[in-house]
Amino acid sequence: MLHLPGGRTPEPEDVVVGSLDLAARVDEALDVQAVAFGLTDEEVGVRRHIVLRHLKSPGARALGATTPSGRLVGFVYGMPNNRTHWWSTVVQPYLRAAGHEDWLDDSFVITELHVHPEYQHRGIGRRLITTITDGAGEPRSILSAIDTESPARALYRSLGYRDLARPVLFPSAPSPYAVMGAPLPLRRH
C-alpha cells in the first residue's frame with residue numbers, strides 16, 4: 001500500500017484530475033496501463049506508437065490523475081470517432097449485426113482509461129471519464145472493455161453505458177470484448 005507523508009494512505013481528494021500532455025508523459029501513462037492491465041514490455045512498446053499516433057487525430061484529448069507530488073496515477077484519452085480508424089473497422093461488423101452501427105457516428109470514443117491498482121476503487125476512474133466526456137461535442141460515447149463482469153464494466157454501467165455488441169474479437173487479443181455506448185452527459189449518482 002502506498003503512503004503519503006505522515007504515513008497517510010492516499011485519498012481521492014489528494015489526486016487532481018486535469019489536462020494531460022499525454023505525448024510528453026506517454027511512458028508514465030503506459031507504466032500505469034502496464035500495471036493496471038498486465039501488459040508485457042513488448043505490448044507497452046507497441047502501444048506507445050499507437051498512443052502517439054492517436055494523439056494526432058482531430059479532437060483527441062487526454063486527462064491525467066496526479067498526486068500532490070506530481071505522480072501520474074491514472075489517465076484517460078479519447079477522440080471523436082472516425083470510421084476509418086482501426087478500432088472502428090474492427091467493431092463495425094459486430095455493431096451492424098447487433099443493429100447498432102449508427103453508434104459509430106457522432107460518438108466520442110474512450111480509447112484508454114486506466115488507474116493504478118493502488119488508487120482504484122476511489123472514484124478516480126469515474127472522475128476521469130466524466131470529465132473528459134463532459135468536454136465532448138458529441139451526443140454520445142462509445143468504448144470497448146473486456147467482456148467479463150469486472151469493476152470497470154460495473155463503473156461503465158453505473159455511468160449509463162450499455163452493451164451494444166458482444167463478444168467482439170480483436171486480432172491478437174486473448175479475450176473477447178464488449179462494445180458499450182452511453183448518451184452524454186454521463187449519468188451521475
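This is a predicted model: local features need pLDDT of at least 70, side-chain atom pairs count only at pLDDT 80 or more; totals for chains, interfaces and linings use all residues.

User: Which residues does UniProt list for the N-acetyltransferase domain?
Analyst: The unreviewed UniProt entry lists residues 22-185 under "domain: N-acetyltransferase".

User: OK, rings. How many aromatic pairs does a search of the whole structure find?
Analyst: The search finds three aromatic pairs. One of them is Tyr156 with Tyr161, where the ring centres are 5.8 Å apart and the planes stand at 65°, so the pair is edge-to-face, as angles over 60 degrees count that way.

User: And are those two tyrosines buried or exposed?
Analyst: Tyr156 counts as buried because its relative accessibility is 8%, and Tyr161 counts as buried as well, with a relative accessibility of 3%, the cut-off for buried being under 20%.

User: What about Phe170 and Tyr177, how are their rings arranged?
Analyst: Their centres are 5.1 Å apart with the planes at 90°, so Phe170 and Tyr177 also form an edge-to-face pair. Phe170 is buried at 9% relative accessibility, and Tyr177 is buried with a relative accessible area of 13%.

User: Which residues do ring pairs link into a cluster?
Analyst: Ring pairs join Trp86, Phe170 and Tyr177 into a cluster.

User: Switching to charges, which arginines lie over the face of a ring?
Analyst: Arg122 lies over the face of Tyr119, at 5.9 Å from the ring centre, which falls within the 6 Å limit used for a charge over a ring. Arg140 lies over the face of Trp103, and there the distance from the ring centre is 4.7 Å.

User: Now Ala178, please. Where is it?
Analyst: Ala178 is in strand β7, which covers residues 177-183, so Tyr177 from the ring cluster belongs to the residue range of that strand as well. Ala178 is buried, with a relative accessible area of 0%.

User: What is Ala178 in contact with, leaving aside its neighbours within four places in sequence?
Analyst: Ala178 is then in contact with Leu143, Ser144, Ala145, Asp147, Arg153, Asp163, Ala165 and Arg166.

User: And what separates Ala178 from Ala24?
Analyst: Ala178 and Ala24 are 154 residues apart along the chain, and their C-alpha atoms are separated by 31 Å.

Technical notes: Residues are numbered from 1 along each chain as its sequence is written. Side-chain values use heavy atoms; hydrogens and water are left out. UniProt positions are given in the numbering used here, feature names are shortened, and annotations may be inferred rather than shown by experiment. Rings of Phe, Tyr and Trp (its six-membered ring) pair if their centres lie within 6.5 Å; planes under 30 degrees apart count as stacked, over 60 as edge-to-face and the rest as tilted. Buried means under 20% relative accessible area, exposed over 50%, partly exposed in between (1.4 Å probe, protein chains only). A charge sits over a ring if NZ of Lys or CZ of Arg is within 6 Å of the ring centre and within 35 degrees of the ring normal. Helices (H or I, at least four residues) and strands (E, at least two) are DSSP runs, numbered from the N terminus. Contact means heavy atoms within 4.5 Å.
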